[in-house]
Amino acid sequence: MGKNLDWLRDAWINKHLAQWAFFINRLTGVVIALYLMVHIFINSIPLIFGPEAYTKTLHAMETPLLRIFEVLLITAVAFHMFNGIRILLVDYFKLSRQQSILFVFAFLLTIVVFIGALILYWPDIFGSGQHEIAAILN
């Protein structure tokens, strides 16, 4: 493998939790960056094609599949954030001996966020799809 993909090979060879935390952190970082590019493009549609195209795009994106992707995005952001806090604690507070415990804690917090997001989005994914999230939040 090339130098740029050594981290991917290391994730499969080295089974230490810290290596997996590094791998998942990179993966979620790439996913978030890709999402932001798509998000900026979609929010630029009114400038390029007009407000009607934007409205049509938003209505086309109100599918259960995209709601599932939103739940996964929220989960990716949560893990990236919690793992970033773990990295700060390990680096600045000299907690390298506790990094496996901190990783498990970050992972458990991510599961809590995932379950919360799934509960919030459940009606839109498996229900009638009538903007039930907006109704809950209002």
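With which residue does E70 form a salt bridge? In this predicted model, local features need pLDDT of at least 70 and side-chain atom pairs count only at pLDDT 80 or more, whereas totals for chains, interfaces and linings use all residues. Residues are numbered from 1 along each chain as its sequence is written, and side-chain values use heavy atoms, with hydrogens and water left out.

The partner of E70 is R67, and the closest N and O atoms of the pair are 3.0 Å apart. A salt bridge is taken here as a side-chain nitrogen of Lys or Arg within 4 Å of a carboxyl oxygen of Asp or Glu, and two salt bridges are counted by this rule. Because E70 and R67 are three residues apart in helix 4, about one helical turn separates them; helices are DSSP runs (H or I, at least four residues) numbered from the N terminus.

Helix 4 (residues 64-92) and helix 5 (residues 99-126) have axes that come within 8 Å and cross at roughly 160°, where axes are lines fitted to C-alpha atoms over the stretch in contact and angles run from 0 to 180 degrees between N-to-C directions. The two helices are therefore roughly antiparallel to each other, a term for angles over 145 degrees. The contact of helix 4 with helix 5 comprises 20 nonpolar, four polar and four charged residues, with Ala, Val, Leu, Ile, Met, Phe, Trp, Tyr, Cys and Pro counted as nonpolar, Asp, Glu, Lys and Arg as charged, and the others, Gly among them, as polar.

Note on methods:
Parallel < 35°, antiparallel > 145°, perpendicular 65-115°, else oblique.
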